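I opened this notebook to record what I looked up in one structure. The entries follow in the order in which I made them.

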Amino acid sequence: MSLVSLLRSSAAFATLVLALAGLAGCRTAPKTGVIVPRTGDEIVVAGQFVHTGTSVVLWMDPGGYDAYRVERRFSPLDKSDWETSQTEVRELTSPNRYNLRRNGLTTEELERVRGGGWDLATLQRVVDQLVIHFDACGTSRQCFNVLQDHRDLSVHFMLDLDGTIYQTLDLKERAWHATTSNSRSVGLEIANLGAYGAKGKTPLDEWYVQEGSGRTRITIPKRFGDGGIRTRNFVARPARPEPIAGVIQRQELFQYDFTPEQYRALVKLTAALSKVLPGIKCDYPRDAHGKLILAKLSDDVLKQYHGVLGHFHIQTDKVDPGPAFNWDYVIDNAKMLLHGGMSEAADLTSMGHMRSRFD
Ligand SMILES: [Zn+2]
């Protein structure tokens, strides 16, 4: 007797059919109380989880930073409430550090989204810039401390020294990080001490140690504890060991580079954002020769600009993300990720097989 005829002739066949039907049913009808798995690389865009391919800690995750809360995060707990916070910290004038994106929405749409009812298509119409900052704090924990507990400011993403991305608000919110571009942009603060003029002592002396043999290490000062870095015993090093010099807004500046871990994460985040919010073109502001513009864009140019840009492209009083930021590295590699691992040119002409360096 063959196996098939045995199955047909026995109750086992009926059991097998029922089991297969049950398995198929699992896919279409989730069981009550079963936890939906997450892989830990998701960002939240108008309520949707979007993969990035790199580590992301959301505001609702353990160890996350929640910009929806009105309390201070790092003050003593019994003084963290809004009433006490506003009396203790003068700069805190509003319990919410974000508000509603209103640009380009009809009155009906505003009424719909004001209660939280954003959909992805509406957000895709509204958001067309990704603004890059350095946090001048050195770590994402300290950055959140300044924004949330001291300044009444906010930002969607923080990128820590070890490449961990923290998302503090859904991208549907209008975060407060870049004045005139707040309504149309996503904001990212990269942990980095920032850029300084050539003369005098700077905080860089305290944070960066030249170890010899061309190696430089970041040493978080003891008053910041372990800095809140998520990767245990992480040793942070700038991608290039020497300070990088450059001119932004006609000022000569020096700055240590970001870490390779930050660059790798940023490439993936940039590609993911550009894909899910296609208004954000994967490019930076260029002059007539295709070179990076190193000063504030004119109001007209800024208005027309859709893509990745620095805080200094928006305000004359800002220089971040500074002269060390490697725009080509981020944009070129993000483009390769976006175009199936090939460069945009290779993708268009079907020539070559340029694999991304970040697969
Ligand atoms: Zn900034």
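I began with helix α6 (residues 140-151), whose buried residues pack against β6 (157-159), β7 (165-167) and β9 (185-190). I noted that helices (H or I, at least four residues) and strands (E, at least two) are DSSP runs, numbered from the N terminus. A residue is buried if 20 or more other C-beta atoms lie within 10 Å of its own, exposed if 12 or fewer, and partly exposed in between, with C-beta atoms placed from the backbone. The buried residues of α6 are Ser140, Arg141, Cys143, Phe144, Asn145, Leu147 and Gln148.

I recorded the basis of the model. This is a predicted model, in which local features need pLDDT of at least 70 and side-chain atom pairs count only at pLDDT 80 or more, while totals for chains, interfaces and linings use all residues. Residues are numbered from 1 along each chain as its sequence is written.

I then followed the chain out of α6. Aspartate 152 lies in the loop between α6 and β6, and its phi is positive, about 60°, although it is not a glycine. I found aspartate 152 partly exposed, because 17 other C-beta atoms lie within 10 Å.

I looked up arginine 250, which sits in the loop between β12 (244-248) and β13 (251-255). Its phi is also a positive value, near 65°. Arginine 250 is exposed, with 8 other C-beta atoms within 10 Å.

I turned to helix α10 (residues 327-338). Its twelve residues should span 16 Å at 1.5 Å a residue, and its end C-alpha atoms are 16 Å apart, which agrees; the expected span is 1.5 Å times one less than the number of residues. In the loop between β14 (307-310) and α10 I located proline 321, which a cis peptide bond joins to aspartate 320, with omega about 15°. After α10 comes glycine 340, with a positive phi near 60°.

How do α8 and α10 cross? The axes of helix α8 (residues 260-276) and α10 come within 8 Å and cross at roughly 55°. Axes are lines fitted to C-alpha atoms, for helices over the stretch in contact, and angles run from 0 to 180 degrees between N-to-C directions. The two helices α8 and α10 are therefore oblique to each other; angles under 35 degrees count as roughly parallel, over 145 as roughly antiparallel, 65 to 115 as roughly perpendicular and the rest as oblique. Among the residues making the contact are Tyr263 and Leu266 of α8 and Tyr329 and Val330 of α10.

Key. Two residues are in contact if their C-beta atoms, placed from the backbone, lie within 7 Å.
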